[in-house]
Amino acid sequence: MSEETLSNLLKEDRRFEPPAEIAEHANLKSEAYDRARQDREAFWAEQAERLDWSQKWDRVLDWDDPPFAKWYVGGKLNAAYNCVDRHVEAGRGDKVALHWVGEPVDDKRDITYAELQDEVCRAANALLSLGVGAGDRVAIYLPMIPEAVVAMLACARIGAPHTVVFGGFSADALASRLEDCQAKVVITSDGGYRRGNPSALKPAVDEARTKTDVVEKVLVVRRTGQDLGEGGWDDAVDVWWHDVVDGASADHTPEAFDAEHPLYVMYTSGTTGKPKGILHTTGGYLVGSAYTHWAVFDLKPETDVYWCSADIGWVTGHSYLVYGPLANGVTQVMYEGVPDSPERGRWWKIIQDYGVTIFYTAPTAIRSFMKQGAEIPDRHDMSSLRILGSVGEPINPEAYVWYRHVIGGDRTPVVDTWWQTETGMIMISPLPGVTHGKPGSAMTPIPGVAAEVVDEAGEPVPDGSGGYLVLTEPWPAMLRTIWGDDERFKDTYWARFAEQGYYFAGDGAKKDDDGDIWVLGRVDDVMNVSGHRLSTTEIESALVSHPKVAEAAVVGAKDEDTGQAVCAFVILREDAGDGGDDIVKELRGHVRKEIGPIATPRQIMIVPELPKTRSGKIMRRLLRDVAEHREVGDVTTLADSSVMDLISQGIDSGRSED
Ligand code: WT7
């Protein structure tokens with residue numbers, strides 16, 4: 001390996017100052033960074049005051065036995081009480097908690113905090129009646145309907161850790177998660193709406209139950225009313241939500257749980273081996289998600305209408321649709337379906353209809369809108385928006401600028417938020433009223449968080465260089481362990497820089513000349529071209545900055561001369577048609593100009609789609625198989641398994657060049 005840990009390739013000079021209006025009323029000012037650094041525990045104690053504790057903690061942090069942290073030691077609280085009841089008690093019961101929007105047009109429901117309290121209490125009583133007690137695990141396998149939020153909060157209320165399994169996952173994936181956390185009850189529905197059609201869920205639960213016998217009861221929400229099929233109902237196990245929840249009492253006194261009581265387990269697939277059950281606990285997680293939601297989105301709970309487009313099956317849906325926003329008592333939108341049903345402007349119409357002020361989504365969605373062009377969003381009035389957020393992948397500078405311009409009307413700061421299932425909360429992000437925006441950069445750790453970019457030896461790299469992104473201090477919402485596997489927890493996250501005691505996140509990053517952080521993607525994806533370690537992100541961003549390109553994925557393929565060579569897969573914007581005869585030459589020239597000869601792709605393939613996981617991340621592993629002419633590997637986690645066929649066809653039809 002060469003001296004450099006990761007090359008710094010792209011330069012980006014665009015800057016956006018925080019709007020004066022937002023800066024003036026910002027929740028956090030720049031002094032917060034220093035204040036937090038000087039006394040981190042005092043800062044986190046201050047943040048914990050935003051919650052209601054039945055018993056206050058004795059000690060903010062116990063880090064005596066790293067990497068096993070305890071936060072707010074001795075404190076007791078109830079997460080559901082904090083997300084719901086206390087707002088009602090404060091006289092805000094009539095405030096809308098959820099503007100729920102179903103995929104079928106006109107299928108919508110507004111739910112106030114008082115109504116939410118009622119529902120959560122009934123569901124909590126129903127779960128108790130089904131034999132669920134504190135500490136028992138409950139799996140939730142639901143579409144994006146209000147009952148999903150109610151179910152999570154009901155579990156939290158009675159101290160039963162939930163594990164939400166994304167509704168798009170198969171029976172096998174569900175079964176392995178049920179088995180791993182020994183879930184006693186599953187909450188599901190007959191189905192949900194997707195792309196205009198009812199799509200069944202219950203049969204997958206039935207099938208999962210043939211693979212594991214841990215489940216005692218299945219609680220079923222009737223959403224679509226679709227036929228459950230022959231043998232689709234088992235009286236010994238299945239119960240309807242409307243039978244047991246609607247009939248249950250709406251009185252339930254929340255019990256206070258220890259700050260370290262498990263709140264939920266979220267499975268994350270990782271690159272190899274069986275999924276890891278990431279454990280989050282109650283106090284620290286709720287402090288972390290509530291604080292960051294308030295700080296990073298500069299939340300004004302009285303006036304903002306907030307919308308996070310993530311599914312509750314992902315950690316983003318946990319921290320920034322359920323726990324953070326509800327702990328902060330905001331009004332938010334929750335949408336069931338896909339962005340383009342029944343028409344392509346559906347999201348923009350929702351923003352217009354509800355006057356959404358803060359919108360949080362993923363780069364993969366932004367790039368797909370970029371591909372379609374500005375015409376559809378331009379037909380909607382989105383002047384209510386004041387802050388935009390991005391999460392899940394590096395946002396290419398061009399996608400950032402498009403998002404800010406077309407969706408945000410050039411008014412809105414864009415916060416590029418870096419975090420992980422494991423971190424539980426946003427860690428690195430601009431603050432919209434403090435930090436200026438640099439397209440493509442997550443900027444700095446937020447107040448209270450400590451991160452570094454280090455080299456192989458764990459030494460901080462100088463400004464202008466790349467390396468490994470590490471977290472150098474514990475934080476309240478950090479994962480506590482991998483469910484049932486403390487050794488794997490230590491090996492996976494704490495072994496690489498054990499000497500320094502750093503958490504290694506698996507991502508590469510660079511510090512620019514100002515010391516601001518640019519996350520460059522997973523280090524597993526780094527290519528080695530003639531001894532230079534190149535990240536995929538910067539080359540992809542260079543391709544996306546070409547006016548004909550909407551999306552790009554880059555991988556390294558074996559090369560006799562250079563060790564590895566850059567291979568690119570590119571999706572063109574719709575208005576670029578087929579790109580013209582010289583498109584491949586044009587794009588190679590463009591990368592050479594933007595970055596330099598070292599990054600010029602050896603090969604560029606124009607493709608109609610890219611292989612993505614269900615949460616929208618590009619699966620470069622499969623593209624490496626294609627680039628190296630191998631049989632394509634395991635495609636079971638692909639959102640759409642026909643994509644690989646489309647890509648192979650594209651290549652066979654000669655739309656590529658060596
Ligand atoms: C990985 C974590 C964070 C919740 C959703 C995904 C990538 C996430 C960014 C960002 C660059 C990002 C990283 C990270 N990632 N946000 N703003 N810039 N990369 O959670 O599935 O646990 O994925 O997503 O690679 O490690 P996750």
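A residue counts as near a molecule or strand if one of its heavy atoms lies within 4 Å of it. Around the ligand there are 16 residues, and Asp416, Thr417, Thr421, Asp507 and Arg522 come nearest. The model is predicted: local features need pLDDT of at least 70, side-chain atom pairs count only at pLDDT 80 or more, and totals for chains, interfaces and linings use all residues. Residues are numbered from 1 along each chain as its sequence is written, and side-chain values use heavy atoms, with hydrogens and water left out.

Start with the ligand. The shell around the ligand has 6 nonpolar, 5 polar and 5 charged residues. Here Asp, Glu, Lys and Arg count as charged; Ala, Val, Leu, Ile, Met, Phe, Trp, Tyr, Cys and Pro as nonpolar; the others, Gly among them, as polar. A polar side-chain atom of aspartate 507 lies 2.7 Å from a ligand oxygen atom. For arginine 522, a polar side-chain atom is 2.8 Å from an oxygen atom of the ligand. The protein covers 90% of the 550 Å² of accessible area that the ligand has on its own (Shrake-Rupley method, 1.4 Å probe).

Now turn to strand β4, residues 96-101. Strands are DSSP runs of E with at least two residues, numbered from the N terminus. In β4, 6 of 6 residues are buried (under 20% relative accessible area, 1.4 Å probe, protein chains only).

Which strands pair with β4? Pairing needs at least two DSSP bridges. Strand β5 (residues 108-112) runs antiparallel to β4, with 5 bridges. Valine 101 has lysine 108 as its bridge partner in β5. Strand β17 (residues 331-335) pairs with β4 in the parallel sense over 4 bridges. There, histidine 99 partners valine 333.

Methods: Polar contact = N/O pair within 3.5 Å; in protein donor to acceptor, adjacent residues only side chain to side chain. Buried < 20%, exposed > 50% of the residue type's maximum accessible area, 1.4 Å probe, protein only.
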